[in-house]
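Here are my notes on the model you sent. Please keep the structure open while you read.

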Amino acid sequence: KSLGDFQVNRHYFANSRIDIDAARLMVLNAASMIDKGGAKHAKKEIAQIKILTPEVAMKVSDGAMQICGGAGLSHDFPLAHMYAWARVLKLADGPSEVH
């Protein structure tokens, strides 16, 4: 069976897509606000994006690792690299509580 044949995985894929799309829409909304009035008009949105996007990246890549198991750690697939970068994004800008 393929990974998509399991209902629990389909739920994970659907929820991941929702999270990714929500983050993308937040970024597009903030970009539109910046285009119309400058970054000072989108401070709240920028702060929200700085919190949400690394958390979404970590949640999605961690779930993908759970589904793939040991194969997710293989350097033959991009997942190990994505997981590592998601962790870096989470740490790079400091703790979420600071924003």
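1. **Basis.** This is a predicted model, in which local features need pLDDT of at least 70, side-chain atom pairs count only at pLDDT 80 or more, and totals for chains, interfaces and linings use all residues. Residues are numbered from 1 along each chain as its sequence is written, and side-chain values use heavy atoms, with hydrogens and water left out.

2. **α1 against α2.** Helix α1 covers residues 7-37. Helices here are DSSP runs (H or I, at least four residues), numbered from the N terminus. The axes of α1 and α2 come within 10 Å and cross at roughly 160°. An axis is a line fitted to C-alpha atoms over the stretch in contact; angles run from 0 to 180 degrees between N-to-C directions. α1 and α2 are therefore roughly antiparallel (angles over 145 degrees). The crossing is left-handed, meaning that the near helix is turned anticlockwise from the far one by less than a right angle. The residues of this contact divide into 16 nonpolar, seven polar and three charged. Nonpolar here covers Ala, Val, Leu, Ile, Met, Phe, Trp, Tyr, Cys and Pro; charged covers Asp, Glu, Lys and Arg; the others, Gly among them, are polar.

3. **α2 against α3.** Helix α2 spans residues 43-68 and helix α3 spans residues 79-92. They pack at an angle of about 150°, with axes 8 Å apart. That makes α2 roughly antiparallel to α3. The crossing of α2 and α3 is left-handed.

4. **Who meets whom in that pair.** From α2 come P54, E55, A57, M58, S61, D62, A64, M65 and C68. They meet L79, A80, M82, Y83, A86, R87, L89 and K90 of α3. Contact means heavy atoms within 4.5 Å. The residues of the contact of α2 with α3 divide into twelve nonpolar, one polar and four charged.

5. **The core.** Which residues form the largest nonpolar core? There are six: Y12, V56, V60, A64, M65 and L79. Such a core is a set of buried Ala, Val, Leu, Ile, Met, Phe, Trp, Tyr and Cys residues joined through side-chain atoms within 4.5 Å. Buried means under 20% relative accessible area, exposed over 50%, and partly exposed in between (1.4 Å probe, protein chains only). The largest share of this core, four residues, comes from α2. In soluble globular proteins, nonpolar side chains tend to be buried together.

6. **L79.** Beyond neighbours within four places in sequence, L79 contacts S61, A64, M65, C68 and G72. L79 and C68 are eleven residues apart along the chain, and their C-alpha atoms are separated by 9.0 Å.

7. **N9.** Is N9 buried or exposed? N9 counts as buried because its relative accessibility is 9%. N9 lies in α1. Not counting residues up to four places away in sequence, N9 touches L3 and I67.

8. **E45.** This residue is found in α2. At 14% relative accessibility, E45 counts as buried. Leaving aside neighbours within four places in sequence, E45 is in contact with N29, A30 and M33. E45 and A31 are 14 residues apart in sequence, and 9.5 Å separates their C-alpha atoms in space.

9. **L52.** L52 also belongs to α2. Its relative accessible area is 26%, so L52 is partly exposed. Apart from neighbours within four places in sequence, L52 contacts A23 and M26. L52 and A22 are 30 residues apart in sequence, yet 9.4 Å apart in space, C-alpha to C-alpha.

Note on methods:
Helices (H or I, at least four residues) and strands (E, at least two) are DSSP runs, numbered from the N terminus. Angles under 35 degrees count as roughly parallel, over 145 as roughly antiparallel, 65 to 115 as roughly perpendicular and the rest as oblique.
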